[in-house]
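Morning, everyone. I have one structure to walk through today. Please have a look at it before I start.

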Amino acid sequence: MSTLRGRGTVRGLPEWDRCAVMGVVNVTPDSFSDGGRWFDTTAAVKHGLDLVAQGADLVDVGGESTRPGATRVDEEEELRRVVPVVRGLASEGVTVSVDTMRAAVARKAVEAGAVLVNDVSGGLADPGMVPSVAAADVPFVVMHWRGFSENMNSLAVYDDVVAEVVAELHARVEAVVAGGIAPERLIVDPGLGFAKQAEHDLALVAHLAELRALGRPLLVAASRKRFLGRVLAGEGHNPPPARERDAATAAVSAIAAHEGAWAVRVHEVRATADAVRVARAVEGAAS
């Protein structure tokens, strides 16, 4: 993998010579972005394969909505949604990540072929998560998280959002390493949209270099999020629907790639795949 701009490597994952593109498959009826579109297993697997054809390097499969205000799905239902899709994609040779806060779902997904666990709580939601990932010896995404979706908006209080997110992520990384996960397998994510208002998200995007200073590869997941809707709407207007924020998402993907992000997580892949390749070409021309 290229180490241009300090992008870094993740032990246990393929190597790419640029910012990677993680495509999203939501196997949920209530995702903020595309809830219900890929709820059927066959449709979800086909969608994942389509994302790969459009340029996704890996596919993130999730069965629980984490939009603000969402209530949790039970474990049995999450397993029913996620595991067959992971198995179907892995059997086609896709590099699969599982998006879950539950240790049991992570374990079953890894057994089905997932090679990365993307936990938006960074292991805080389930005390069994870190030991399970350590035992499975797979890479792990540590996202900045302050609480579950039902009340996370009330937790979006910061004096200095960049400094506080960096400090809280640093502490979480240390705890995860102490729990047995190898540092070489860790990825950090600032958690855009999670317990953050639009101004917080924009500040974090503007200071990605400070997040990279944590010393681990950086995942940026801005796709279709509320702060982009606020930017596009302007003062006094309603934000466009989530699916009308893909061009804005690609703009953030280009910024993130230029700033050395290891990967970007997106719903619509093609524009972002183009954006990260252009960013890589510019890096190459400057070196």
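Some ground rules. This is a predicted model, where local features need pLDDT of at least 70, side-chain atom pairs count only at pLDDT 80 or more, and totals for chains, interfaces and linings use all residues. Residues are numbered from 1 along each chain as its sequence is written, and side-chain values use heavy atoms, with hydrogens and water left out.

Now the whole chain. Its secondary structure comes to 10 helices and eight strands. Helices (H or I, at least four residues) and strands (E, at least two) are DSSP runs, numbered from the N terminus. Along its principal axes, the C-alpha trace spans about 40 × 40 × 40 Å. For 287 residues, a compact globule would have a radius of gyration near 19 Å; the chain has 17 Å, which agrees. That radius is taken over C-alpha atoms, and the globule rule is 2.2 Å times the number of residues to the power 0.38.

Of the 287 residues, 56% count as buried. Buried means under 20% relative accessible area, exposed over 50%, partly exposed in between (1.4 Å probe, protein chains only). Next, contacts, meaning heavy atoms within 4.5 Å. Take those with a separation of 6 or more: residues 24 or more positions apart account for 69% of them.

Let's go to helix H3, residues 103-112. Which of its residues are buried? They are Ala103, Ala104, Val105, Ala106, Ala109 and Ala112. What covers them includes helix H2 (75-91), strand S3 (96-99), strand S4 (116-119) and helix H4 (129-136).

Pick out Ala109 in H3. Its relative accessible area is 0%, so Ala109 is buried. Leave aside its neighbours within four places in sequence, and Ala109 is in contact with Val83, Val86, Val98 and Ala114. Ala109 and Leu79 are 30 residues apart in sequence, yet 8.3 Å apart in space, C-alpha to C-alpha. After H3 comes Gly113, with a positive phi near 125°.

Staying with phi for a moment. Most residues other than glycine have a negative phi. Which way does Asp137 go, positive or negative? Positive: its phi is near 60°. Asp137 sits in the loop between H4 and strand S5 (140-143). Asp137 is partly exposed, at 41% relative accessible area. Ala195 also has a positive phi, about 55°, although it is not a glycine. Find Ala195 in the loop between strand S6 (186-189) and helix H6 (198-206). Ala195 is buried, with a relative accessible area of 1%.

Next, a charged side chain. Glu64 lies in the loop between strand S2 (58-62) and H2. Is Glu64 buried or exposed? Its relative accessible area is 9%, so Glu64 is buried. A polar atom of its side chain lies 3.4 Å from the backbone nitrogen of Val73. Neighbours within four places aside, Glu64 is in contact with Thr28, Arg72, Val73, Glu78, Met101 and Arg102.

Now to Ser253, in helix H9 (residues 246-258). Ser253 is buried, with a relative accessible area of 2%. Which side chain does Ser253 join in a polar contact? That of Thr272, at 2.8 Å. A polar contact is a pair of N or O atoms within 3.5 Å; within protein, one must be able to donate a hydrogen and the other to accept it, and residues adjacent in sequence count only if both atoms are side-chain atoms. Beyond four places in sequence, the contacts of Ser253 are Val264, Val266, Thr272 and Val276.

Last stop, Val269, in helix H10 (residues 269-286). Val269 is buried, at 0% relative accessible area. Which residues does Val269 contact, leaving aside neighbours within four places in sequence? Val21, Gly23, Leu51, Gln54, Gly55 and Ala56. Its C-alpha atom is separated by 9.9 Å from that of Thr249, 20 residues away along the chain.

That's the tour. Thanks.
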